[in-house]
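Me: Hi! Could you walk me through this structure, starting with one residue and working outwards?
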Amino acid sequence: MASWDLAEEIAEVLRRPKLARYGLSEEDVREALVLLAPLLPSVDVEVAVRDPDDAPVVASALAGGVEAIVTGDAHLLDDPDLRAWLEERGIDVISPADLLTILASR
C-alpha cells in the first residue's frame, strides 16, 4: 500500500537527524520521491479520522484496495463512523486477534 501521505512521511523520516549518519542528502530524498511518484495514487478520505496520523493508513488502504486494515490502534478500531465508511467501501477494520480467529476458521 502506498499513498502521497505515506510518501511525505517517508521523506520526513529520511530527513531526521538520527539518519544523517547514512549521508542522505536532500537530493537523495527527492530522487526517492521521484521513484515513488508513479506508484502513488491520489485518494480523498471523505470521513473524519480521530487521529490525523491515521489518515495516511486509511488513504493507503483505499488506494491499495485492501480487504481489511489489521491494527491494534484504538482510534481506528473504536471509531464507528470511520468503520462504517470503510465498510461501505469493502474494507474491514480488525484487530490482530480477530485476524487470527478468521484465519483459524478457514
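Me: Glu 27 first: how exposed is Glu 27?
Reply: Glu 27 is partly exposed, at a relative accessible area of 38%. Buried means under 20% relative accessible area, exposed over 50%, and partly exposed in between, with a 1.4 Å probe and protein chains only. This is a predicted model: local features need pLDDT of at least 70, side-chain atom pairs count only at pLDDT 80 or more, and totals for chains, interfaces and linings use all residues. Residues are numbered from 1 along each chain as its sequence is written, and side-chain values use heavy atoms, leaving out hydrogens and water.

Me: Which side chain does Glu 27 meet in a salt bridge?
Reply: That of Arg 30, at 2.9 Å from N to O. A salt bridge is a side-chain nitrogen of Lys or Arg within 4 Å of a carboxyl oxygen of Asp or Glu. Both residues sit in helix α2 (residues 26-36), three residues apart, which means about one helical turn separates them. Helices (H or I, at least four residues) and strands (E, at least two) are DSSP runs, numbered from the N terminus.

Me: And Asp 79 with Arg 50, what distance is given for their salt bridge?
Reply: It is 3.8 Å, N to O. Asp 79 lies in the loop between α4 (74-77) and α5 (80-88), and Arg 50 in the loop between α2 and α3 (55-64), so the pair ties together parts 29 residues apart in sequence. Asp 79 is buried at 5% relative accessibility, while Arg 50 is partly exposed at 49%.

Me: Switching topic, how many helices and strands are there?
Reply: The protein has six helices and two strands, in the order α-α-α-β-α-α-β-α from the N terminus.
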